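Here are some notes to keep beside you while you look through this structure for the first time. Take the points in any order you like.

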Amino acid sequence: MLAADYRGPFRIRAARKPMPKIEHPQDAILRVTRSCICGSDIHLYRGLVPDTRVGTTFGHEFCGVVEEIGSAVEDLQVGDHVLVPFNIACGQCHFCKQKLYGNCHEANPAATAAGGIYGYSHTAGGYEGGQAEYVRVPYADVGPLRIPAWMDPDDAVMLTDVVPTGYQAAEMGGIQTGDTVVVFGAGPVGIMAARCAWLFGAGRVLVVDHLPYRLAFAQRYGPAEVYDFREIDDMALFIKKETDFLGADVCIDAVGAEAAGSALHSLFGKRLKLEAGSAIALHWAINSVKKGGIVSVVGVYGPTGNMIPIGNVLNKGITLRANQASVKRLLPRLIEHLQQGHIEPKALITHRLPLEEVSDGYHIFTAKLDGCIKPVLYPNDGR
Ligand SMILES: NC(=O)c1ccc[n+]([C@@H]2O[C@H](COP(=O)([O-])OP(=O)(O)OC[C@H]3O[C@@H](n4cnc5c(N)ncnc54)[C@H](O)[C@@H]3O)[C@@H](O)[C@H]2O)c1
Ligand SMILES: [Zn+2]
Ligand SMILES: [Zn+2]
C-alpha cells in the first residue's frame, strides 16, 4: 500500500509499505478515506519528539471504511465508514472508566504519562498512523464511531481531534458567563477553541498569533478580537490594559512547545535544547490571566523540563489544567453542536491533497504557506 514515510527531520515522502494485518482479535483494518495533518505532526516532522523512528507512518486524525475485523470485534462491521478518535484507548482500565480516554493505561506500555496515539512515535505507543491507504485500529469496538448518513465526512474527520481539542480547551477553562477568554495560537486548534469559548458563555474572546492570515480567519470564524504579538511589547501588560487591569478570566495555550515570540526561549529550547522547546505562549498565558484565574493548556509539550513560571502560578492562585483531548467522551455533545449548526468544522479545511502529495502537505502546513489553516489528505481518492 501507499503510506507516508518519515525519513528524518523535514523529510516525508509517500512510499510503498506492507499492508497492515490483524494482530489481535480486537483489531480492525480500515481503508482510509481522509487523513489530516495536525500541528502535533509538526513536532514529529521537526524531529522534536523523542523516539520518532525513521520509516514510520504519521497520522492520528482519520476516517476510513472497515475492511476487515478481528474475531473479537462485535460492534463494527465490514463496510462501515467510521471516524477514529486520535487516542487509542482500551475502554476498560482505571482511566478509561473515568472517560479519560486520552490517558488510557493499557494502550501505551512504554510510558506511564503519555497514552496511545496513532502515528505519534514510540513514546506514544509506536502505533502506525493513518496517513496511509490502510491502517490497523486496535480496540476497534472502543474508538471508531460510524459516520451518520447526514454527516459530511469532511466534518467527521475534524471530529477526530481539532474540534474536541478546541472544545476541551474551552471546557478546561471553566468559562463562566461573560468571561474574557484569551486564546494563544490561531492554528486550527486555537481557532476552534475561540469558537467553542462562546458555547460556554464567554463574553469576550481574544486571539493572539503573529500570522495575519490566521488572525483574519480567527476574527471571522471565532468570531474574535485578534492581536498580532509582534506589535505588543509586554503581553501581560497589554492584556491587563484590556481587562480593567485585572487580567483575563481564562487563558488558553493552543500553541505548545514550538512557540515563537521569545529569542531567549527559542535559543534555549529550540537551538541549544536546554529546555523542551519554547514555552513562551504558556508564560504569556500564566502572566496574563487574573489572580485566581484558569490557564487551560492543550498545546503539546514534551516530558522533559521547561522554564515555566511556577512561582507566578502559586502567588496568583492560578488553576492550571492540561490534557490530551478525550475525544470519545466529547463526541456525543459535539455531534449535537454540529447538527445544530453551532460549529462548522470543515470550514477550517483549506488544502485537499492526494496521499501522493503528503510531502507538499507537510511543507505548506509547517511553513504556513498559501493561507494554510488545515490540510487533509485523501488516500484511495477519499472513497
Ligand atoms: N492536547 C491535545 O489533545 C492536542 C490535540 C491536537 C493538537 N494539539 C496541540 O495544539 C497545538 C496547536 O495545534 P494546531 O494544529 O493548531 O497547530 P499550528 O501549528 O497550526 O498552530 C499553532 C499556531 O500558534 C502560533 N504561535 C506561535 N507562537 C505563538 C505565540 N508565542 N503566541 C501565540 N501564537 C503563537 C503559530 O503562528 C500558529 O498559527 C500544537 O501544540 C498541537 O500539538 C494538542
Ligand atoms: Zn492532531
Ligand atoms: Zn484504558
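Predicted model: local features only at pLDDT ≥ 70, side-chain atom pairs only at ≥ 80, totals over all residues.

1. Distant parts of the chain are linked here: Cys38 belongs to the loop between strand E3 (28-36) and helix H1 (39-45), while Asp161 belongs to the loop between helix H3 (153-158) and H4, and the pair is 123 residues apart.

2. The zinc ion that is ligand 3 has a set of cysteine donors: the SG atoms of Cys90, Cys93, Cys96 and Cys104 coordinate it at 2.3 to 2.4 Å. The spacing of these donors along the chain is C-x2-C-x2-C-x7-C. The site of the zinc ion (ligand 3) is tetrahedral, with angles of 103 to 116° among its four donor atoms. For comparison, the ideal angle for four tetrahedral donors is 109.5 degrees. Both Cys96 and Cys104 are buried.

3. Next, a helix pair. Two packed helices are described by the angle between their axes and the distance between those axes. Helix H4 (residues 162-172) packs against helix H11 (residues 327-339) at an angle of about 95°, and their axes are 10 Å apart. H4 is therefore roughly perpendicular to H11.

4. Which residues meet where H4 packs against H11? From H4 come Val163, Pro164, Tyr167, Gln168 and Glu171, and from H11 come Val327, Arg329, Leu330, Arg333, Leu334 and His337. The residues of this contact divide into six nonpolar, two polar and three charged.

5. Helix H12 (residues 358-366) is worth a look for its buried residues, which are Val358, Gly361, Tyr362, Ile364, Phe365 and Thr366. What do the buried residues of H12 pack against? Their partners are strand E1 (2-8), strand E2 (11-16), H1, helix H6 (212-221), strand E16 (349-353) and strand E17 (374-377). Just after H12, Lys368 has a positive phi of about 55°.

6. Val73 lies in the loop between strand E4 (62-69) and strand E5 (81-84). Is Val73 buried or exposed? Its relative accessibility is 9%, so Val73 counts as buried. Leaving aside residues up to four places away in sequence, Val73 touches Pro25, Gln26, Asp27, Ala140 and Asp141.

7. Ile147 is another loop residue, placed between strand E9 (145-146) and H3. With 13% relative accessibility, Ile147 counts as buried. Apart from residues up to four places away in sequence, Ile147 touches Cys63, His81, Val82, Leu83 and Ala156. Ile147 and Glu225 are 78 residues apart along the chain, and their C-alpha atoms are separated by 34 Å.

8. A few backbone details remain. Most residues other than glycine have a negative phi, and most peptide bonds are trans. Phe10, in the loop between E1 and E2, has a positive phi near 65°. At 47% relative accessibility, Phe10 counts as partly exposed. Tyr139, in the loop between strand E8 (134-137) and E9, has a positive phi near 45°. Tyr139 has 19% relative accessibility and so counts as buried, since the cut-off is under 20%.

9. Finally, have a look at the peptide bond that joins Gly222 and Pro223: it is cis, with omega about -15°. Pro223 sits in the loop between H6 and strand E12 (225-228).

Methods:
Residues numbered from 1 in each chain as written. Chains lettered and ligands numbered in written order. Heavy atoms only, no water. Axes fitted to C-alpha atoms, helices over the stretch in contact; angles between N-to-C directions. Helix = DSSP H or I, 4+ residues; strand = E, 2+ residues; numbered from the N terminus. Parallel < 35°, antiparallel > 145°, perpendicular 65-115°, else oblique. Contact = heavy atoms within 4.5 Å. Nonpolar A, V, L, I, M, F, W, Y, C, P; charged D, E, K, R; others polar. Donors = N, O, S within 2.8 Å, 3.2 Å for Na, K, Ca; no water. Tetrahedral: all angles 85-135°; square planar, octahedral: opposite > 155°, others 65-115°. Buried < 20%, exposed > 50% of the residue type's maximum accessible area, 1.4 Å probe, protein only.
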